Amino acid sequence: MSLRFAYNTNGTANHRLTDAVDLIADAGYQGVALTLDIHHLDPFAEHWVQDAQSLSSRLQRLGLGAVIETGARFLLDPKAKHEPTLVTGDAVGRARRIGFLKRAIDVGAILQAEAVSFWAGVPKPGIDRAEARHWLIEGLAEVTDYARAHGVVACLEPEPGMLIETLDDFAALDIPGLHLALDTGHCLVTGERDPAAAVAEFQDRIGTVAIEDMKRGEHIHLPFGEGDMDVPAVLDALDAIDFRQLICVELSRESHRADVMVPASLQFLRDCRKPRAEPVQ
């Protein structure tokens with residue numbers, strides 16, 4: 001079975017969601033990684049259920065799978081990027097984040113999404129990290145239980161700079177039913193593992209994969225060919241473990257040229273899958 005690719009709508013921010021979905025489908029992808037946001041299926045809009053049902057019908061008609069992403073910058077607080085989180089000092093804020101993640105799971109259930117991906121958050125200065133970890137574990141358990149009850153796969157993404165930053169941080173968690181959202185580029189940022197090796201090591205826990213190019217030590221999502229990622233090796237590793245879920249291209253800085261980057265990214269990935277010539281002896 002060939003690998004299946006999706007494109008993240010955080011890289012189509014200047015398109016209407018329906019137009020973005022059509023652009024992704026027309027390029028030949030097998031799915032959409034939907035970042036819930038104010039302009040792309042606002043999960044707090046009055047008619048969010050109808051919006052999700054309409055999108056579900058569109059995806060089914062186009063033969064596209066889905067992954068739900070929750071990294072919108074100002075969805076919960078217009079004055080503080082990515083806040084509140086699962087490690088925010090204010091209990092009311094943490095509850096808002098948990099409520100949002102549950103709503104994302106509700107949307108995922110309507111879309112029959114393969115996974116819902118989310119991250120831990122950054123503890124603010126003055127927050128005791130041990131206490132933040134306690135809050136995180138409580139929140140993860142609640143969200144994972146909710147996902148399980150709704151038939152959705154909950155996936156935590158280690159994110160550079162956050163409380164759960166590395167794959168070792170993720171591995172140290174003991175949350176039954178929690179899967180890994182593996183962003184292969186983050187391995188280059190933290191320098192913890194070769195991305196292809198990470199695929200092999202965590203194959204039994206991976207729920208969804210993001211892919212892009214990145215330079216070592218720099219957390220900037222780059223178009224393929226502009227960083228240090230050995231993309232063919234990562235794809236070979238995913239092929240070797242018979243990965244069946246969507247592999248999601250995440251180019252959040254490229255919305256201004258999504259018309260070019262959506263098809264070009266898939267063409268690059270397809271070219272990586274072509275048989276490579278043996279080196280001349």
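Helix axes here are lines fitted to C-alpha atoms over the stretch in contact, with angles running from 0 to 180 degrees between N-to-C directions. Keep that in mind for the first stop on this tour of a predicted model.

**Two helices side by side**

Two packed helices are described by the angle between their axes and the distance between the axes. For helix H1 (residues 17–27) and helix H2 (residues 48–62), the axes come within 11 Å and cross at roughly 15°. Since angles under 35 degrees count as roughly parallel, H1 is roughly parallel to H2. As for handedness, the crossing of H1 and H2 is right-handed.

Who does the touching? On the H1 side you'll find Leu17, Thr18, Val21, Asp22 and Ala25, and they meet Leu55, Arg58, Leu59 and Leu62 in H2. Sorted by class, that H1–H2 contact has six nonpolar, one polar and two charged residues.

Most residues other than glycine have a negative phi, and most peptide bonds are trans. A few spots in this model go the other way.

Start with the peptide bond from Glu83 to Pro84, which is cis, with omega near -10°. Pro84 sits in the loop between strand E3 (65–69) and helix H3 (91–111).

Then there's Leu41, not a glycine, yet with a positive phi of about 55°. Leu41 belongs to the loop between strand E2 (31–35) and H2. Is Leu41 buried or exposed? Its relative accessibility is 7%, so Leu41 counts as buried.

Asp242 also has a positive phi, near 60°, in a residue other than glycine. You can find Asp242 in the loop between helix H8 (231–240) and strand E8 (246–249). With 40% relative accessibility, Asp242 counts as partly exposed.

Why does the Phe44–Phe100 pair tie together parts that are 56 residues apart in sequence? Because Phe44 lies in the loop between E2 and H2, while Phe100 is in helix H3. Phe44 is partly exposed at 42% relative accessibility, whereas Phe100 is buried, with a relative accessible area of 1%.

Phe224 counts as buried at 12% relative accessibility, and Phe268 is partly exposed, with a relative accessible area of 29%.

**A stop at Val122**

Last up is Val122, in the loop between strand E4 (116–118) and helix H4 (129–149). Val122 has 40% relative accessibility, so it counts as partly exposed. Which residues does Val122 touch, not counting residues up to four places away in sequence? They are Glu83, Thr85, Val87, Gly161 and Met162. Val122 and Glu165 are 43 residues apart in sequence, and in space they are 9.5 Å apart, C-alpha to C-alpha.

Notes
Residues numbered from 1 in each chain as written. Predicted model: local features only at pLDDT ≥ 70, side-chain atom pairs only at ≥ 80, totals over all residues. Heavy atoms only, no water. Helix = DSSP H or I, 4+ residues; strand = E, 2+ residues; numbered from the N terminus. Parallel < 35°, antiparallel > 145°, perpendicular 65-115°, else oblique. Left-handed = near helix turned anticlockwise from the far one by under 90°. Contact = heavy atoms within 4.5 Å. Nonpolar A, V, L, I, M, F, W, Y, C, P; charged D, E, K, R; others polar. Buried < 20%, exposed > 50% of the residue type's maximum accessible area, 1.4 Å probe, protein only.
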